[in-house]
Structure formats: structure tokens, C-alpha cells
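Have the sequence and the 3D view ready.

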Amino acid sequence: MVLGTTGLNKKDQGFMSEQRVDAVIVGAGFAGMYALHRLVKENYHPIVFETGDNVGGTWYWNRYPGARCDIQSMEYSYTFDEDLQQDWNWSEKYAPQPEILRYANYVADRFELRQHINFNTRVLTARYDEIHQEWLVRTDQNKTYRTKFCIMATGCLSSTNLPKFKGVDSFEGESFHTGQWPHSPVDFNSKRIGIIGTGSSAIQSIPIIAQSCEHLTVFQRTANYSIPAHNEPLDKQYATSIKNSYPAFRAENREMFAAFGAHQSRWEDSIFDVDDEVRLARFEKKWQEGGLGFTSAFGDTGADKQANDIAAEFVRNKIRAAVNDSEVAELLCPDQVLGCKRVCVDSHYFETYNKPNVNLVNVKEHPVEEITPEGLIQNGQHYKFDMIIYATGFDAMTGSLLKIDIEGKNGLSLQEKWHAGPRTYLGLCSSGFPNLFTVSGPGSPSVLSNMIITIEQHVNWIIDCMTHLRDSKLSTIEALEDAENDWVDLTNEIANGTLFPTCNSWYLGANVPGKPRIFMPFVGGFPTYAEICADVAEQNYRGFELTA
Ligand code: FAD
Ligand code: NAP
């Protein structure tokens, strides 16, 4: 179909051949796949664009050794189809990346999703045509699509952060970012390797890399808290018992603050209501259970600094006990608030520093100065490597979205609107950008939750909203500025009542130089958030303007 130029921005002229679709979905991770499935079921004609050559998003890109989920397998999976959750079998307590990727592919095949997905295609721009109340979406295949709705399922942790180290391109050995790991096997045998970063990706990969390389040097800027996963083959009896009442188990998890852990022990009393012996016993129990649930030993460690200090010291003592060299152990002991940065979950991370072929370099006071053809220079020392691994994380929450040139009403771009930090209503919409939805966007529980559950909640809300518009013969939905301002204020207010804003985390955008510092996720918990979203819809989309 060829349309006239009316409503086309100058930049779009030359891309006159337009295909009309009901909805454009950007991204084929778990969010994009589920949005696609629901739209097709509701008789829409959507199209999905995905930069990668297959589905899976996070689990397609992050193939580094040791990559696995830190939410238990029986909980980190789709809930929307009872047969699907009965038929799929997980092999480990915490699923490894290849298995999660197989699951994504299985879902794509089972629900015949691929026919709607354009792989190897990046969305470059999305411009709102105010006259026709439609979006014009342009891809790097020089094609433009005209659509009423855009669903940005671009991911929160999908835009890698590679710090601008001097000489970064000059290195003559192999170099990889954990978030863009090659598809073919990487051989560490007999190699001298340097890894920069000690976040979750590094903490998962370091023990595996250390097993076969000649030497591994870890460059640490900030030590991190990590709790052992105690990963093991999935107990078949446990899996069967969950499957016997899977919907009830899912419902219980949806009532949990972060949408997981309903069957794990947890307490909500104050750490100051019990004596030292009870504290230690409880922390020890949570440590032995392993995983992210460690932070639910008491109700006040997330908001009370003194309570947090006690929990943090317990973890530091575990690190001191695991690492033989006391200087190395102290260097590995974090000093920020526990949970302020995402807590990591590991398998034998700290013990890895007891190996003779692993050493730790503190780059806090003396940053990496330069990457050279042979390695890197830090604190005046030239380290020679065959391989450098950047485990330096992501431009989180907004990175992938803002890489797309999104222009809303009155020519305002999302980049301009969010120059001082993201502003959304419910983390789903931003005023000035009608009919454009974000999944797990800033202002939603997102990365502070079991994301597959929150993805389903978001997508259900979005598709229900689109269907409401269609059934009511309405054309657009747009967040009102007042409602958005109130939501941003509420999100900040809740975050400021916690210890989250006390350190330089990626939740705040602090890991990317120049990025505005604003606490991005909604910290009020998934059940509260989901209830607010449901109320808003119930009250005829309170805080939104709906137009014919
Ligand atoms: P993604 O999976 O990130 O998918 C987004 C897709 O959009 C990507 O494939 C990307 O290529 C595509 N895309 C982006 N921009 C464009 C564009 N312009 N054009 C076309 N395509 C585009 N969450 C948990 O709850 N538990 C965990 O244990 C957990 N572990 C994680 C481990 C790692 C290593 C990482 C990085 C994240 C982890 N997460 C975890 C978060 C994880 O991102 C989510 O659980 C979930 O997979 C996100 O799905 P998504 O579809 O929203 O985004
Ligand atoms: P990350 O947590 O942001 O860690 C990046 C690391 O690189 C940090 O240690 C950071 O130090 C360091 N770094 C960044 N720039 C640096 C520089 N210029 N010089 C030296 N060090 C630098 O990234 P990630 O490990 O990829 O994890 C991101 C998120 O993805 C996690 O928080 C989690 O949500 C998710 N994830 C989950 C799992 C899982 O267990 N399932 C696994 C991987 C990732 P600073 O801390 O000082 O900034």
C-alpha cells in the first residue's frame, strides 16, 4: 500500500512504501512473544521486529559460561497456559541459560509465533502521525510500517554497557561482552584472561572460566553481595507436587512482593525483636536455603540501615570464611548497603579466589587506564592477556528504548522528554506518546520482580486496554500529565523510604556516565502495583485520556 505524504515527518519521506499492521511489537524476548501470542488470539494482525536471529531476548544474547536464572525454574516460566506449564520439564533447580533458550524456542514453535516475527531487523524510528493517529515505524530494512499501536518489548537489560576505555578497539586478542556472547563455543584453555566487573554476570562466569584457563585476573570496582544458589538437579517429586496445583502456586506467588518465593521461609518481624542467637540461626537457615530469599530473613533489613548492617556483616563473615587469603577476602567484602545493588546468586564464586590461577585487582581508586594491543594498563601495571571479558553490565531500563528515535505529539522526542530521567504513568505509557506502551518500563516493578510474571501482567493489561478501545470504538489512549507526575512522585517517594538510593546502582542509572540519576523501578511491590493497574482500568482508565 502506498500512502500520500500527509502526516509524514520529513525524515520518513523516501520510505513511502508502507505496510499496515494492527500493532508493532519491538523485541522477541518473553515480553514480545507473549504480547504477540495474546494479540493473535484476540484477532489482531501484529508484526514483531527482533534484532537477533531468534527468539529469547536476554537468554538469546547472554550465553556466557555459567549464565542461569536466579529465580527457581518452577517459578520463572510462563503461567498463561496450563498445558504448557504441565508439559515443560525443567532439569535443575535454577535453569541454565541454554535450557531457558530451548524453552523460549519451544514456546515459539508450540504457539506458531515465528510467522509473525521479522528477525535480523532493528527498529530505528517510531513517529506519531497526529493527523491519522497512527505510528510510523521504520526498520533498518528500509521498510516503514503504519500502525495504531506500538508495544515496546525492548527489554530492561538488553543494551550492553561498554565503558569508553581508552584504546578499547586496539586489543589484538579475543574480547567479549557477557551480554553479547558468541554463539560458538569460546575456548578458555591455556589462556590468560582478564575480566572487568564483578556484578551478577561476572559472578556466574568467573568460577567456570577459572576451571580451564591458564590465569584469570578479575578487575573489581565494587565488591558485591552474593548468596549461594545451592543449585542441584530439580527434585522430581517437588516438581510434580507443584504441577499438581500449579495455578494455586502461581496465585500465591503473585501475592508475593517480588512475585516469587511463596514456598520459601520468610519473616516480617524486626531484627531488633530477637536476640543474637535467633538472628544467626535465621540467617544461617536462609543462607543454607540459598538464593535471593536471603533478604527475607527479617522485615526491616530493606529500610533500616542498622538492621541492614547486621545482615550485611553476616554475609561478609561468610566471605571471610570462604576465602583463604584475608587481604583478598577483605577486598571481596562489600561495604554498600545489602540489596542496594542487585544481590547476586552464585555457585562457588568466593571459593574461586582460593585457586592459584585467579587473582583480584581493586580498580576503585585506580581505574583501568587503557586497553592496549596486548592487554590493559591499570595503576601503571601492564597486564598481558589473550582474552578480555567485559562483564560491565547494561544501560538498564531505558537503554534500548532510547536507542530508537521515538517522536510523539508536537514533534517531541522521548529522548527530549526523558532528558532528566524517565517519566511514565504506571511504567506503561508516557504522556505525549499515545498508544505506545512499554513492557516492564521504568516506573513498573520490572527488574525488582520475577520478571516473567510481571511481563504477563503488563502484557495482559496492555492487550485488554487495546481490546477495550476496539470494543468501545475508541481510537487512542494517552497518559495525562498530572497522573504521570503523581506516579513519578509516588515512585520516588516509595524509593526514598528504602535504602535503595544509597549507592551507585544501575537501578539509578549511576553505572552509565552522564545518565540522569533517578530511581527507575517501582519499589512498592508487585501485588500493590498490579492492584493499582487493575483499579485504573476498572475506573475507565483513570489518569488516561481516551479519544474517539
Ligand atoms: P529481553 O529478553 O531483553 O528482550 C528484548 C528483545 O528486544 C531483545 O531480544 C532485543 O534484541 C530486542 N530489541 C531491543 N531493541 C530493539 C530494536 N530497536 N529493534 C528490534 N529488536 C530490539 N529476570 C528474572 O526475573 N530472573 C532472573 O533470574 C533473571 N536473570 C537474568 C540474567 C541475565 C544475564 C540478564 C541480562 C537478565 C536477567 N533477568 C532475570 C531479566 C530478564 O531480562 C527478564 O527476566 C526477561 O527475560 C526480559 O524479557 P523481555 O522480553 O522483557 O526483554
Ligand atoms: P552489573 O551488575 O551492572 O555489573 C557490572 C560490573 O561491571 C560491576 O561490577 C561494575 O562495577 C563493573 N564496571 C562497570 N563499568 C566499569 C568500569 N569502567 N571499570 C570497572 N568496572 C566497571 O551487570 P551484570 O553483571 O551484567 O548484571 C546486570 C543485571 O542483569 C543484574 O543485576 C541482574 O539483574 C541481571 N542478571 C541476572 C543474573 C542472574 O543471576 N540470573 C545474571 C546476570 C545478570 P560497579 O558496581 O562499581 O559499577
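Does Cys 69 count as buried or exposed, and at what relative accessibility? Keep in mind that this is a predicted model. Cys 69 comes out at 5% relative accessibility, and because buried means under 20%, Cys 69 counts as buried.

## The bonded pair

A disulfide is a covalent bond between the sulfur atoms of two cysteines. The count here is 1 disulfide, and the partners are Cys 340 and Cys 503, with sulfur atoms 2.0 Å apart. The torsion about their S-S bond is about -115 degrees, so this disulfide is left-handed.

Cys 344 is in no disulfide either; for Cys 344 the nearest cysteine sulfur is that of Cys 503, at 12 Å. With a relative accessible area of 1%, Cys 344 is buried.

## A look at Thr 79

Now for the threonine. You'll find Thr 79 in the loop between α2 (58-61) and α3 (82-87), and with a relative accessible area of 12% Thr 79 is buried.

Which side chain does the side chain of Thr 79 make a polar contact with? That partner is Arg 254, at 2.8 Å. Leaving aside neighbours within four places in sequence, Thr 79 is in contact with residues including Gln 85, Arg 250, Ile 453 and Glu 456.

Key: Residues are numbered from 1 along each chain as its sequence is written. Chains are lettered from A and ligands numbered from 1 in the order in which they are written. This is a predicted model: local features need pLDDT of at least 70, side-chain atom pairs count only at pLDDT 80 or more; totals for chains, interfaces and linings use all residues. Side-chain values use heavy atoms; hydrogens and water are left out. A disulfide is a pair of cysteine sulfur atoms within 2.5 Å. Buried means under 20% relative accessible area, exposed over 50%, partly exposed in between (1.4 Å probe, protein chains only). Helices (H or I, at least four residues) and strands (E, at least two) are DSSP runs, numbered from the N terminus. A polar contact is a pair of N or O atoms within 3.5 Å; within protein, one must be able to donate a hydrogen and the other to accept it, and residues adjacent in sequence count only if both atoms are side-chain atoms. Contact means heavy atoms within 4.5 Å.
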